[in-house]
Amino acid sequence: MTGACVIPGGIAAHNQQILRVLDRFVREREVHLTVLSFLEKTSDRPGWLADQAGFRGFQGSKLGLAFALIARSLARPLFIFDHVTLALPLLPLIASRFVKAVIFAHGSESWRRIRRTSKWLFASARLVIANSQFTLKEMRKRIARLEAVACPLGLAPQFTLNSTVPSPPLNALSLANAEGETKTLGARVCLLVGRLHPDECEKGHRELLDVWPEILADFRDAQLVFAGPGDDRENLARIARETGVAKSVFLTGALPHEQLRELYETCYAFTMPSRQEGFGLVYLEAMNAAKPCLGCRDGGAEEIIVHEETGLLIRNPVDGAELLSALQRLLSDPEIARAMGRRGLERLRSKFTAAEVQRCLDEQLSRVI
């Protein structure tokens, strides 16, 4: 795995679900388990992992991980990879079926930007587990021979699941806007949580900035918050300044969990019109705060957001008129927005809990273990 406990991100959160299932296999079925963590240290071993399970961290050493995989392949175990690129050192052995592999597929790198080596690995795997029916459908279009199923993601085991609509923070949050001025967040905050990397430009940041002048013309108190790390932060701040909306745009960088939770509880709506989501755990985090979500059709968001029930779905965020209309609709009716948020929390609790994810993983991994 890339990592699970001390690195951020959706794959790390999902790895905690996988480890919980494998831990039960070790304790209840006498399965022998060794965990190889690419980015973590050996001392990052989860405290709850069964004592008889092995754990080794490689601190980002590709060569070290490759040698460890090759050495272990001689015993012909079942390998489980959280990402297809980690399986590359064993490509000849997996392709020849000398060793069996389960590979998880998470996003557009599994279909839209798929490498030839990744195609070979997916096609040769004993089982591929996709993060959504959408990802699985797109993979089947590009990989003729594929033994695969979908197990939708859910909130991480340690994530506190709300049973009722949470109250907003007692003290209003204040952030620095794109002009560098500290302002208090108000009642109409549109929030997007996601990486701000130049090579990941399809999460909707620029599209939201494109329509934001027109949003401010109708809703003078509207504010736009981009939370997340990445090298594109200053570029987005510059665009906000050039379009004259910088005073209402906030780019927070990476935030600790508690402050991010307060942002979810403060915001009016979660607006991530992304075209690159295989699933989108951040939609679930917003639903846990009972917030309506805006996402895109023809993507993982369509399996999470129920259009006009828990939020709104648009076809193409590059179509400024469609995006603008959806935002105006959300912002103009707080009562409908709150109702969507409440139904989103109910949907989360029924379909996307850690228990439901682990049930699906247990069922699928039991087929090959």
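The discussion below concerns fold, packing and charge.

Mentor: This is a predicted model, in which local features need pLDDT of at least 70, side-chain atom pairs count only at pLDDT 80 or more, and totals for chains, interfaces and linings use all residues. Residues are numbered from 1 along each chain as its sequence is written, and side-chain values use heavy atoms, with hydrogens and water left out.

Trainee: What radius of gyration does the protein have, and why does it agree with a compact globule?

Mentor: The radius is taken over C-alpha atoms, and the globule rule is 2.2 Å times the number of residues to the power 0.38. With 369 residues, the rule gives a value near 21 Å, so the protein agrees with it at 21 Å.

Trainee: What percentage of the residues count as buried?

Mentor: Buried means under 20% relative accessible area, with a 1.4 Å probe and protein chains only. Of the 369 residues, the buried share is 54%.

Trainee: Which residues have the most contacts inside the largest nonpolar core?

Mentor: A nonpolar core is a set of buried Ala, Val, Leu, Ile, Met, Phe, Trp, Tyr and Cys residues joined through side-chain atoms within 4.5 Å. The largest one has 71 residues, and those with the most contacts inside it are L191, L209, F226, Y264, F270 and L284.

Trainee: How many residues form the other core that lies apart from it?

Mentor: Its members include F38, A123, F134 and I143. The count for this core is 33 residues.

Trainee: How far apart are the mean positions of the positive and negative charges?

Mentor: Lys and Arg count as positive and Asp and Glu as negative, while His and the chain ends are not counted. Each charge is placed at NZ of Lys, CZ of Arg, CG of Asp or CD of Glu. For the 47 positive and 42 negative charges, the separation of the mean positions is 6 Å.

Trainee: What does the C-alpha trace span along its principal axes?

Mentor: The trace belongs to a protein with 12 helices and 14 strands, where helices (H or I, at least four residues) and strands (E, at least two) are DSSP runs. Its span is about 65 × 40 × 35 Å.

Definitions and conventions. Buried < 20%, exposed > 50% of the residue type's maximum accessible area, 1.4 Å probe, protein only.
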